[in-house]
Amino acid sequence: MPLERAKVEFLGTGLQGIGFLMRDGTKEVPCRVSIEALSDRGAVTGLDEAGVFATYRDEIEHAASAKYDRGQISPDGRVYVTIDEFPNQPPR
C-alpha cells in the first residue's frame, strides 16, 4: 500500500539529510532523504538542500513509498531515500 504524507513539516536538516514522516494507514513511518542525494540534485538545479526537498518533495515521497512497498526498511525502522532512488536528473 502506498505511503501518504503524514505531516507538512519536515523533521529538520542535518548531516544525514532531511527527515520526514509518511503514513501507512494509522502507522507513522519515519523517512529520510540523504544529504548526498539532495546536494547532488542541488548541483544541477542551483537549489540548496531544503529547496531541493521542497521542490521535489512529491518525487522524494514517491521514492520512499516505493522502497517501503518493496520492504526496504532499515533495521531502525526508517525508509532511507538515497542518491540511487533520487538521482541528479529529474524525471521528464
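Mentor: Buried residues, those under 20% relative accessible area with a 1.4 Å probe and protein chains only, make up 35% of the 92 residues in the chain. This is a predicted model, in which local features need pLDDT of at least 70 and side-chain atom pairs count only at pLDDT 80 or more, while totals for chains, interfaces and linings use all residues. Residues are numbered from 1 along each chain as its sequence is written, and side-chain values use heavy atoms, with hydrogens and water left out.

The part to look at is Arg57, which lies in helix 3 (residues 57-69). Helices are DSSP runs of H or I with at least four residues, strands are E runs of at least two, and both are numbered from the N terminus. Arg57 counts as buried because its relative accessibility is 8%. Leaving aside residues up to four places away in sequence, Arg57 touches Arg5, Lys7, Val8, Glu9, Phe20 and Val52; a contact means heavy atoms within 4.5 Å.

Now the whole chain. Its secondary structure comes to 3 helices and 5 strands, and from the N terminus on the elements run β-β-β-β-α-α-α-β. The radius of gyration is 12 Å, close to the 12 Å of the globule rule for 92 residues, so the chain is as compact as a globular protein of that length. That radius is taken over C-alpha atoms, and the rule is 2.2 Å times the number of residues to the power 0.38. Along the principal axes, the C-alpha atoms fill a box of roughly 35 × 25 × 25 Å.

Key
Buried means under 20% relative accessible area, exposed over 50%, partly exposed in between (1.4 Å probe, protein chains only).
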